[in-house]
Amino acid sequence: MTSPLRLCVRRSPAPDAEGAATLVTLRLPSDIACVEEAVELVVRHCLAGHETTRKTRFRLQVCLSEALSNAILRGNREEQDKWVDVRAELFTDVIRVYVTDEGTGFDPASVPEPIRPEQLDELGGRGLFLIRKLVDAVHFNSQGNSICMMLRRP
Amino acid sequence: MGFSQSRDASGVTVVKVDGQLIVGNRQELKDLVFTALDKGERRILIDFSQTGYIDSSGLGALVSISKRVREAGGELRLSGLNEDLRSLFELTKLDTLFAIAETPQQALSSF
């Protein structure tokens, strides 16, 4: 069976990402069944050739999974004609990962923190909170359909 | 990768999560536990000793399972969370919602 994922890995130099030694891009359909494989592929390429702690791998896995599921479920609303693009810029000391969907975007400032006692029983609403806690910096584009997550390599 | 279910000698339903518990497979875990509840099982242990990572959808599935077990008058325990997995529960304060044991053996003896 052909994988629905389109992976393109470009090694140094990456002409459209100044200073990045490696650029990894991946395009996946709006299908949550693809998330696990996409996370595995991107993490493997992001960490290749670098000494990596278990914690860094874990943080990258969780945050990528969160961002991809948000993009597929909330951004693209699982519409089959929409895609999710992952772009990872790899520097010596930093990994910067962009996840972009084709949705209309959202206001990240409007998402409440899900840790108040009365909210503990809620089934959802923890994804963005976890990303913010696990990476070193998070940014969104002005439309709110593209997240940039930055992790420092230890 | 996936879930395996067994029943220990004392009658506790033990579900092991092998690999990831994420958006793509959370429903499978819920279905598995809900089916056990429907069959009358009331003591459930979910073991994460072989789990790589959990995302917020996986955490949400565990909250959903916790509610159903409570509504059925049952008991739910979690075990085998490594330091990284445990940190997810602590960050989200879900460590206050679940009974978490270090090992499956400790969890089984706590029922």
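The axes of packed helices are lines fitted to C-alpha atoms over the stretch in contact, and the angle between them runs from 0 to 180 degrees between N-to-C directions. In this predicted model, helix H2 (residues 54–75) of chain A packs against helix H3 (residues 127–134) of chain A at an angle of about 150°, and their axes lie 9 Å apart. The crossing of H2(A) and H3(A) is left-handed. On the side of H2(A), the contact is formed by Arg59(A), Val62(A), Cys63(A), Glu66(A), Ala67(A), Ser69(A) and Asn70(A), while H3(A) contributes Gly127(A), Leu130(A), Ile131(A) and Leu134(A). Sorted by class, the contact of H2(A) with H3(A) comprises 6 nonpolar, 3 polar and 2 charged residues.

The largest nonpolar core has 60 residues, of which Ala38(A), Val42(A), Cys63(A), Leu64(A), Ala67(A) and Leu68(A) touch the most other members. H2(A) supplies the largest share of this core, with 9 residues. Beyond its neighbours within four places in sequence, Leu68(A) is in contact with Val35(A), Ala38(A), Val39(A), Val84(A) and Val99(A).

Chain B may be read as a whole. It contains 4 helices and 6 strands, arranged along the sequence as β-β-α-β-β-α-β-α-β-α. The C-alpha atoms of chain B occupy a box of roughly 30 × 25 × 25 Å along the principal axes. A compact globule of 111 residues would have a radius of gyration near 13 Å, so the 13 Å of chain B agrees with that expectation. Of the 111 residues in chain B, 40% are buried. Among contacts in chain B with a separation of 6 or more, 72% join residues 24 or more positions apart.

Definitions and conventions: Residues numbered from 1 in each chain as written. Chains lettered and ligands numbered in written order. Predicted model: local features only at pLDDT ≥ 70, side-chain atom pairs only at ≥ 80, totals over all residues. Helix = DSSP H or I, 4+ residues; strand = E, 2+ residues; numbered from the N terminus. Left-handed = near helix turned anticlockwise from the far one by under 90°. Contact = placed C-beta atoms within 7 Å. Nonpolar A, V, L, I, M, F, W, Y, C, P; charged D, E, K, R; others polar. Core = buried A, V, L, I, M, F, W, Y, C linked by C-beta atoms within 7 Å. Buried ≥ 20, exposed ≤ 12 C-beta atoms within 10 Å, placed from the backbone. Rg over C-alpha atoms; globule rule 2.2 N^0.38 Å.
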